[in-house]
Amino acid sequence: MFGALISLIFCVSAAAQDGPARPRILGIASVHFYSTDIQAARSFYSKVLHPERTCFWCEEIPIQGVNLETQQPFVLPLVMPLSSGQHLTLSKPLKAPPRNLLYEIVFATENVQALKKYLLANKIHIEKIEGTRDNYCAVIDPEGHRIAFTQPTQSMLAASSSSADMRIIHAGFVVHNRAAEDHFYKEILGFRPYWHGGMKDDKDDWVAMQVPDGTDWVEYMLNIPPDANHHTLGVMNHVAIGVEEILVAKEQLIKNGWRPGEEPQIGRDGKWQLNLYDPDDTRIEFMEFTPKEKPCCSEFTGPQPGPNQ
């Protein structure tokens, strides 16, 4: 019986190794939020991002789609490219907006078709979307967040390999079941722990999980009550833009016409940050790439991001 058990374990292990390999997941390609007022959002983001890159799809050329998770229709009018080759996208829902205005996080992978095979082999359902491009696929994580993958074009790769004055370095979302999310991001997708900490040293409020083949990360926002209000959800479901110097970024924002609100501060991870809020209370966090102080709670266990990573 013991010999039969050993043989069974060996066969299961061999079968797992024979499965399709996961292609590299390189970083964040884009983040997509809902907006209830595109005009007000454009006014805000034209001051936050470079004014000359505020839009290349506008209300004049609306593109309609449907969130398959909520069946929430939307119009996709505002796509804002960053110099990193990434995009920040806003769309206005045609019905009452959902409580969570974070619609989708898209990651870059070297091979979408290979990733599809890998996900299916690991029993991850792939969303079926009419008119989906061959270089795109989407799944829903255990907490209902829409996570997608795209295969970068040569122009995107060229932009991301050049020096970028700002780039998306992480996106955060509310998490209630950390174990379920860890299984998905860590065990299935290969994300690795980067940093964790909280308002108190002995309790985690934030967990950063870094992509397996790059420096971008997702941030679990823990300990949020199920009945959290609109502003709290806007603070938690957020995107972070990396900059080299926070005070230089602040001065540029003021020159662009942004009116200061919160002041820059050093976060618990030891990095300078500056929080802005768009017209829907979605937080846009500017964060320096590297820490200036020793972080609380845990050490960084992965490489730091930079302007051209």
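This is a predicted model: local features need pLDDT of at least 70, side-chain atom pairs count only at pLDDT 80 or more; totals for chains, interfaces and linings use all residues.
Let us begin with the aromatic rings. A pair of aromatic rings is described by the distance of the centres and the angle of the planes. The structure has 12 aromatic pairs. One of them joins Tyr185 and Phe191, whose ring centres are 5.5 Å apart with 70° between the planes. Because an angle over 60 degrees counts as edge-to-face, that is the label for Tyr185 and Phe191. Tyr185 has a relative accessibility of 0% and is buried, and Phe191, at 2%, is buried too.

Trp195 and Trp206 make another pair, this time stacked, with 6.4 Å from centre to centre and 15° between the planes. Trp195 belongs to strand 9 (residues 192-197) and Trp206 to strand 10 (residues 206-210), so this pair links parts of the chain that are 11 residues apart. Both tryptophans, Trp195 and Trp206, are buried. Tyr185 and Phe191 also belong to an aromatic cluster, together with Phe107, Phe149, Phe173, Phe184 and Tyr220.

One member of that cluster, Phe149, leads us to our next stop, since Phe149 is among the contacts of Thr109. You will find Thr109 in strand 5 (residues 102-109). Is Thr109 buried or exposed? With a relative accessibility of 0%, Thr109 is buried. Its side chain comes to 2.7 Å from the backbone oxygen of Arg24. Other contacts of Thr109 beyond its sequence neighbours include Pro23, Ile25, Leu26, Leu115 and Pro152.

Now for the charged residues: the whole structure holds 11 salt bridges. Asp204 pairs with Arg178, their closest N and O atoms being 3.3 Å apart. Arg178 sits in helix 5 (residues 178-188) and Asp204 in the loop between strand 9 and strand 10, so this bridge ties together parts 26 residues apart in sequence. Arg178 is partly exposed, at 32% relative accessibility.

Lys250 and Glu263 form a further salt bridge, with 2.7 Å between the closest N and O atoms. Lys250 is in helix 7 (residues 246-255), while Glu263 is in the loop between helix 7 and strand 13 (265-266), so the two tie together parts 13 residues apart. Lys250 is buried at 14%, whereas Glu263 is partly exposed at 47%.

Lastly, Lys294 meets Glu299 at 2.2 Å between the closest N and O atoms. Lys294 is exposed at 62%, and Glu299 is partly exposed at 44%. Shared partners also join Arg178, Asp182 and Asp204 into one network of salt bridges.

Notes. Residues are numbered from 1 along each chain as its sequence is written. Side-chain values use heavy atoms; hydrogens and water are left out. Rings of Phe, Tyr and Trp (its six-membered ring) pair if their centres lie within 6.5 Å; planes under 30 degrees apart count as stacked, over 60 as edge-to-face and the rest as tilted. Buried means under 20% relative accessible area, exposed over 50%, partly exposed in between (1.4 Å probe, protein chains only). Helices (H or I, at least four residues) and strands (E, at least two) are DSSP runs, numbered from the N terminus. A polar contact is a pair of N or O atoms within 3.5 Å; within protein, one must be able to donate a hydrogen and the other to accept it, and residues adjacent in sequence count only if both atoms are side-chain atoms. Contact means heavy atoms within 4.5 Å. A salt bridge is a side-chain nitrogen of Lys or Arg within 4 Å of a carboxyl oxygen of Asp or Glu. Lists of a residue's contacts leave out its neighbours within four places in sequence.
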